[in-house]
Amino acid sequence: MPDGMDVDYDGLIPNNVGLAQDARVRKALETWHPGYIDWWKDMGPEGFQESLVYLRTAVSVDPKGWAKFGYVRMPEYKWGVLLAPAVEGRRIGFGAHKGEPAWQEVPGEYRAMLRRLLVIQGDTEPASVEQQRHLGATAPSLYDMRNLFQVNVEEGRHLWAMVYLLQKYFGTQGREEAEDLLRRRSGDADSPRMLGAFNEATPDWLSFFMFTFFTDRDGKMQLEALAQSGFDPLSRTCRFMLTEEAHHMFVGETGVGRIVERTVEAMRQAGIEDPTDVGRVRALGVIDLPTIQRKLNLHFSLTLDLFGNEISTNAANAFNAGLKGRYREDKLEDDHQLANSTYPVMRLRDGKPVSEDVPALSALNMRLRDDYVTDCQGGIGRWNKPIEKAGYAFRLQLPPVTFNRKIGEFAGFDSDPARLPTGDDHAFIDSLMRPVTEAGKYASWIAAPKVGVDGKPGEFEYVRIHG
Ligand code: BYC
């Protein structure tokens, strides 16, 4: 049923894009499918491919009821191609083509630019699965293990989303790009993933939660910007991806929140007044707040690099072309062309960071990054609540945007290692990473969640490890 709310489940690939009637694209996707499954088995969650996992699967694109929950073995998950419903009469909202009808086909002049955006977006999705593949073995509970796998299968689906667009609209080149997306590997010396943060390790669960809070949030911002696209199939694809993405950030925010909550509770019970008394706090089997702060510094700074350079002609061109807008462009009130506007950007002048007004078009990466930082602040405020409530003077905070940067104006500017996790931090966190696989039980260093998945009770067995 093309363009509808309901998903066609009859074929190999669930979809609402009319694959049954589109033999060429269906064949291309069916040809790609075995390579994807091989990749998933090789590079997806290690050790749990035969386990039954209580997962949600998208069965509709209706915001009110798009997913169903049930036990599934991950390699049998139904990875589908789902687009948000078409908006009748949709027009391009920004750039040189503002006001023209949204494109249903790729405009020839923007082919290369659009392909590059799709490939970069697509590359991040399998990369994150690769980065997280060892974490199942040390999950602090079955609830957390299930959330990890939920995030993983949905990142897999997001890869399908980009591969569909490449195969449908970019012919042979698109098929080659789709193959390459399965060939590159996170952290590989010869064939790494495209963006820096996706080649870093995610060695432990604190990193996983920080990653899903910070890096998945870059995903949200970039998808929001692409959801504005004048290329309608991309806009519809991203709008549906954002529905899934919200859960990933929930996992990150509540994950770190539960760690903080447990640390504060343990410190209070032990009568510890000074949260920086790291030795005493660690002896309780919980993660001290200064270590959490250093992990936060690392993941925030790695993620800032994903926004690209402060001044970017790529970003200006993509906006002018109507391919990538600003965060919630359709809610902004200006001319949506920005030819005469300026935007304040932090620059390095005489060795010091200063704010400088630059043409707004060239500062679009910064604008998106500023919106991102504001979005992050909300979560940090919530992490600080239990610390505040327990009466500790300590507060988690975002480091300056100039800290530990590898891309842009501030690359190499301030990389004080004392503010990054140390070998000792890693060794300590590693010592805590012992699996807890009894239903309803949690590791010493993390509080139980407030509510279960899909309304399930505390002792629910979210993963049946032995199938
Ligand atoms: N690493 O003009 P500039 C997600 C390159 S996350 C390596 O500033 P632009 C997810 C850049 O490619 C969201 N290289 O670049 C999260 C360019 O190279 P070329 C992913 C970098 O294009 C969690 C050159 O430097 N989606 O979904 O304005 C789990 C000049 O730079 C980096 C997107 O990013 C870097 N960090 O900005 C799962 C959206 N930064 O072409 C998933 C699509 C820059 O000159 N991508 N470079 O050789 C874009 O919109 C843009 O490409 C970027 C870069 C924002 C990434």
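How far apart are the mean positions of the positive and negative charges of this chain? The mean positions of the 56 positive and 67 negative charges are 2 Å apart. Here Lys and Arg count as positive and Asp and Glu as negative, while His and the chain ends are not counted. The place of a charge is NZ of Lys, CZ of Arg, CG of Asp or CD of Glu.

Please note that this is a predicted model, in which local features need pLDDT of at least 70 and side-chain atom pairs count only at pLDDT 80 or more, whereas totals for chains, interfaces and linings use all residues. Residues are numbered from 1 along each chain as its sequence is written, and side-chain values use heavy atoms, with hydrogens and water left out.

I turn to the overall form. The chain has 11 helices and 5 strands; these are DSSP runs, numbered from the N terminus, with helices (H or I) of at least four residues and strands (E) of at least two. The radius of gyration is 22 Å, close to the 23 Å that the globule rule gives for 467 residues, so the chain is as compact as a globular protein of that length. This radius is taken over C-alpha atoms, and the rule is 2.2 Å times the number of residues to the power 0.38. Along the principal axes, the C-alpha atoms fill a box of roughly 65 × 60 × 45 Å.

Next, the interior. Of the 467 residues, 57% count as buried, where buried means under 20% relative accessible area, exposed over 50%, and partly exposed in between (1.4 Å probe, protein chains only). The largest nonpolar core has 115 residues, and Tyr36, Phe214 and Ile292 have the most contacts inside it. Such a core is a set of buried Ala, Val, Leu, Ile, Met, Phe, Trp, Tyr and Cys residues joined through side-chain atoms within 4.5 Å. Helix H3 (residues 142-169) gives this core its largest share, 16 residues. A second, separate core of 13 residues includes Phe94 and Leu338.

Asn152 is found in helix H3 and is buried, with a relative accessible area of 0%. Apart from neighbours within four places in sequence, Asn152 is in contact (heavy atoms within 4.5 Å) with Trp40, Pro45, Val129 and Gln132. Gly412, by contrast, lies in the loop between helix H10 (364-389) and helix H11 (423-432), and is exposed, with a relative accessible area of 58%.
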